[in-house]
Amino acid sequence: MRPKRIVCTVTNDLNYDQRMIRICTSLAEAGYDVTLVGLKRKKSKPLTKRPFKQVRLPIIVEQGKLMYFHYWFNLFFYLLFGKSDILCAIDLDTILPVYYVSILRGKKRVYDAHEIFTDLKEVISRPVVHKMWTWIGNHTVPHFKTGYTIGECYAEEFKKRYGVTYGVVRSATVLKPLQIPDKPTHFILYQGWVNVGRCFEQLIPAMQHVHAQLIVCGDGNFYSQAIALAKQYNVEDKVIFKGYVPPAELSDYTLQAYVGITLFEDTSLSNRLSLANRFFDYMHYGVPQLCIKYPEYERVNTQYEIACLIDNPTPERIAESLNKLLDDNVYYDRLQQNCLEARKKYCWQEEEKKLLDIYNNL
């Protein structure tokens, strides 16, 4: 009997989406025929070889409504005529083509919710855009009876908002043997999207009072503004922007980092209920972190103290907390040892079991 064919759809160019790389790899290794579909940008680098198929669809513009409409158009016809048994939409920005094609072709559909898309700051700050995404969510999500999301808070919100009961598959890192190296350079690492709402307006001025470098690995809709802030506060020598970094190279940065950063502004429900990938990445590399005190992070930190939690990310509070992590060796060592214990529980090997149960039970 041929393996079931799963097509997963995203709006990135595939190379840097570590969560989807983990998910698709696990499904492929479990015997599914997996295809991950994304978009092709002008600056997209060649695809890294993976144990699953990868397809990039062309777009005529790279941002805004026209990008979405053109990508949805291409994605709709790709899904309509392509081979599949199960269609998986990742977040609201690919859900419309998946929904309509699943109806037309009688295919099973799954929703993979990384975030509460309608409540992102860049969405709720624009009334027309917010209205559009709210309609899309209300129109589609209640019809995706099978799905999963990244934390218990998100699952509760989806139940309340759309009447769906979703599983929890955390974005935890693959558990691998770890040898923590000597770290003569005590640098601070931010990895992930450089987007609005990630506290760069507080973090960058805080670096005036922190005696270490901050390395930023990632890009996003606040990238140019973040660079401008570093110049404005005269910390260009302290805040180093690396842009997009391939996963293998990013792992090297994380291994060598002394402190990690997981901060979100309290500007949206999606932020307040988040459970970011980087939270687990730092944990798995034995890197204590400065983290926002939101429910999901506090839940983990209550069980395993791995982070310095702050509930008010002002520049002063950020600088004070970072310097404590850099200077208080006893405190730092306790958090690092707790990371080594927590990673055994919060790892992809455990989350993978829940993912496979969801697809096997289709």
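This briefing covers the sheet, strand pairs, cores, pockets and selected residues of one structure.

The model is predicted: local features need pLDDT of at least 70, side-chain atom pairs count only at pLDDT 80 or more, and totals for chains, interfaces and linings use all residues. Residues are numbered from 1 along each chain as its sequence is written, and side-chain values use heavy atoms, with hydrogens and water left out.

An open sheet of 7 strands runs in parallel pairing. The largest nonpolar core holds 94 residues.

**Sheet and strand pairs**

- Helices (H or I, at least four residues) and strands (E, at least two) are DSSP runs, numbered from the N terminus.
- Two strands pair if DSSP finds at least two bridges between them.
- The strand order in the open sheet is β3-β2-β1-β4-β5-β6-β7.
- Its edge strands are β3 (53-58) and β7 (167-168), each pairing on one side only.
- Strands β4 (residues 86-90) and β5 (residues 108-113) are parallel and share 5 bridges.
- Within β5, R109 stands opposite L87.
- Strand β8 (residues 188-191) runs parallel to β9, with 4 bridges joining them.
- Q191 has C217 of β9 opposite.
- Strand β12 (residues 289-292) likewise runs parallel to β13 over 4 bridges.
- L309 in β13 is the bridge partner of C291.

**Buried strand faces**

- Buried means under 20% relative accessible area, exposed over 50%, and partly exposed in between (1.4 Å probe, protein chains only).
- In strand β9 (residues 214-217), L214 and V216 point one way, I215 and C217 point the other way, and all are buried.
- In strand β13 (residues 307-310), A307 and L309 point one way, C308 and I310 point the other way, and all are buried.

**Nonpolar cores**

- A nonpolar core is a set of buried Ala, Val, Leu, Ile, Met, Phe, Trp, Tyr and Cys residues joined through side-chain atoms within 4.5 Å.
- In soluble globular proteins, nonpolar side chains tend to be buried together.
- Among the 94 residues of the largest core, Y111, F158, I188, Y297 and L322 touch the most other members.
- Helix α2 (residues 64-81) gives the most to this core, with 6 residues.
- A second, separate core has 24 residues, including M20, I90, Y148 and W348.
- Contact means heavy atoms within 4.5 Å.
- Leaving aside neighbours within four places in sequence, F158 is in contact with Y111, A113, E115, I116, V141, T149, G163, V164 and Y166.

**Second largest pocket**

- On a 1 Å grid over the protein atoms alone, a pocket is an open set of points with protein on both sides within 12 Å along at least five of seven lines, whereas a cavity is a set where a 1.4 Å probe fits but cannot get out.
- Lining residues have an atom within 4 Å of a point.
- Grid points are joined across faces, edges and corners, and a volume is the space filled by probe spheres set on the points.
- The second largest pocket has 24 lining residues, with Q18, T173, V174, K176 and S251 nearest its centre.
- Two or more lining residues come from each of α1 (18-29), α9 (247-256), α11 (277-284) and α15 (348-360).
- Helix α1 gives the most, with 6 residues.
- By class, this lining has 9 nonpolar, 8 polar and 7 charged residues.
- Ala, Val, Leu, Ile, Met, Phe, Trp, Tyr, Cys and Pro count as nonpolar, Asp, Glu, Lys and Arg as charged, and the others, Gly among them, as polar.

**Largest cavity**

- The count comes to 1 cavity of 30 Å³ or more.
- About 40 Å³ of space lies in the largest cavity.
- Its lining consists of L92, Y111, E115, I116, F117, T118, F158, R161 and Y162.
- Helix α6 (residues 152-162) gives the most to that lining, with 3 residues.
- The lining divides into 6 nonpolar, 1 polar and 2 charged residues.

**Selected residues**

- V168 is found in strand β7 and counts as buried because its relative accessibility is 18%.
- The C-alpha atoms of V168 and E351 are separated by 8.3 Å, yet the two residues are 183 residues apart along the chain.
- Not counting residues up to four places away in sequence, V168 touches T149, I150, G151, E152, A155, E351 and K354.
- L14 lies in the loop between β1 (5-9) and α1, has a positive phi near 85°, and is buried at 1% relative accessibility.
- D91 sits in the loop between β4 and α3 (95-105), has a positive phi near 65°, and is buried at 6% relative accessibility.
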